[in-house]
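Visitor: I would like to take a close look at the aromatic side chains of this protein. Please walk me through them slowly, in one connected account.

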Amino acid sequence: MRYISTRGRVEAKGFIDTVLMGLADDGGLMVPEQIPTVSAATLEQWATLSYRELLLEVFALYINDEIPREDLEQLVERSYASFRHPEVTPVKKINDSLSILELFHGPTFAFKDVALQFMGEFYSYVSKKQNEIIHILGATSGDTGAAAIQGVRGKEGIKICILHPHQKVSKVQELQMTTVDDENVLNLSVKGNFDDCQKVIKDLFADLDFKGKHHLRAINSINFVRILAQTVYYFYAYFRAQESAGTKKINVSVPSGNFGNIFSGFLAKKMGLPIHKLIIATNENNILERFVKTGEYKPGDFKSTHSPSMDIQVASNFERYLYYFLGEDASKVSEYMNNLKTEGRIVIGAEDLKRVQQDFEALGASNEQCLELIKKYKAEYDYLLDPHTACGIAAYEAYNGADEVCVTFATAHPAKFDEAIRLVDIKQEFPAQIEQLFSKPQHQQVVEHDEAEIVRQLEAFYV
């Protein structure tokens with residue numbers, strides 16, 4: 001298994017080198033040279049595996065034995081030791097057509113923990129094995145930062161800096177990042193939105209001299225290991241839904257702002273997992289819905305919503321989908337991405353749009369819809385949705401057919417977004433780990449949206 005760039009100007013790499021590269025040196029994203037396929041017989045064997053066992057099998061197809069099986073088992077065990085549920089990502093049946101995959105049982109109560117606790121252990125492993133200095137640099141719309149920091153805080157040989165948009169994440173998200181006082185952690189609160197933070201990150205990774213000098217490594221979903229780790233729970237969710245689906249087809253509804261979570265499902269489907277519909281759920285920052293419905297990919301006006309982790313207008317992982325949509329033609333990908341840069345949009349024709357619509361359904365839920373669904377599901381099923389999961393439920397209700405069942409992903413615990421929950425007069429009890437955050441001092445630097453100032457902060461931190 002070798003990995004190549006979506007833009008075709010990077011020499012093929014092995015698994016560890018791919019993860020260490022993060023953003024491809026030509027500005028593209030790394031993808032497998034060939035996606036491994038899983039036979040129906042193998043899927044049947046995998047169906048009874050635990051989450052940890054399933055991860056080992058999926059990763060075995062991608063890592064070229066670069067991590068010995070015994071070492072990988074230890075990494076997996078350490079990664080999920082802090083999860084509060086023995087299944088890691090349990091599936092809860094709500095009614096005969098809906099189940100919810102709970103992805104919030106990790107230490108920071110969000111789906112990012114599933115990949116980032118593993119990634120933290122992986123970086124620590126590589127740092128020790130290769131005597132490698134690792135400086136992690138990432139941007140977050142709220143959940144990635146907390147999960148990434150939790151994954152590497154206090155680890156020898158690793159420093160982490162996270163950029164988040166100042167006052168545009170929930171209070172709990174902010175506290176989860178900024179109450180960490182380990183010396184290897186730096187939080188920069190940037191006066192701007194998530195897309196501003198993400199652009200700085202991409203620019204710094206594209207500066208190969210700066211990247212090499214400071215040993216920069218990526219934690220965002222531009223890094224393929226994030227995508228791969230998330231693919232595992234698609235298999236797990238499908239197998240659990242299969243147990244009661246009978247002859248019904250199985251759909252998946254996924255809250256996704258940066259296209260990473262839904263791309264993991266696209267990858268699982270290409271591997272052979274027979275998901276029927278991949279349903280993209282977004283909020284009023286609905287660039288992905290507009291693309292699926294009209295064929296135009298064009299960032300619009302940024303909106304602050306009740307689901308801030310999806311307040312994103314430029315979806316990084318869209319390029320990976322574009323690569324497969326364009327028949328793995330790297331030159332065409334480069335052309336399309338250049339059009340996005342120069343003209344501010346990508347447009348595809350009517351015939352191509354039909355192909356997109358065979359891959360995805362999509363819905364951008366309004367703020368009001370989300371609040372109504374939070375209230376409805378609490379009243380009817382005594383199940384409290386967070387506002388991102390509510391977007392997923394809106395998409396399930398719109399697109400799930402009579403002969404279909406759907407697994408909607410619960411991407412965060414509702415306690416992380418109490419600002420929205422209170423708007424529908426629901427009082428929730430916070431988990432103790434979240435309650436205690438409010439009494440801790442914060443550690444963050446508030447900075448202007450100025451790349452030069454951010455670079456100065458980084459250079460002082462990386463000394």
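Visitor: Which residues do ring pairs link into a cluster?

Guide: In this predicted model, ring pairs join F259, F263, F266, F291, Y297, F318, Y321, Y323, Y324, F325 and F360 into a cluster. Y51 and Y80 are both buried. Y80 also forms an aromatic pair with F83, again edge-to-face, where the centres are 5.1 Å apart and the planes stand at 75 degrees. The cut-off for burial is a relative accessible area under 20%, so Y80, at 1% relative accessibility, counts as buried, and F83, at 8% relative accessibility, counts as buried too.

Aromatic rings also take part in contacts with charged side chains. K159 lies over the face of F461, at 5.3 Å from the ring centre, and R240 is placed over the face of Y236, at 4.7 Å from the centre of that ring. To return to the cluster you asked about, its members include both phenylalanines and tyrosines, among them F259 and Y297.

Terms used
Residues are numbered from 1 along each chain as its sequence is written. This is a predicted model: local features need pLDDT of at least 70, side-chain atom pairs count only at pLDDT 80 or more; totals for chains, interfaces and linings use all residues. Side-chain values use heavy atoms; hydrogens and water are left out. Buried means under 20% relative accessible area, exposed over 50%, partly exposed in between (1.4 Å probe, protein chains only). Rings of Phe, Tyr and Trp (its six-membered ring) pair if their centres lie within 6.5 Å; planes under 30 degrees apart count as stacked, over 60 as edge-to-face and the rest as tilted. A charge sits over a ring if NZ of Lys or CZ of Arg is within 6 Å of the ring centre and within 35 degrees of the ring normal.
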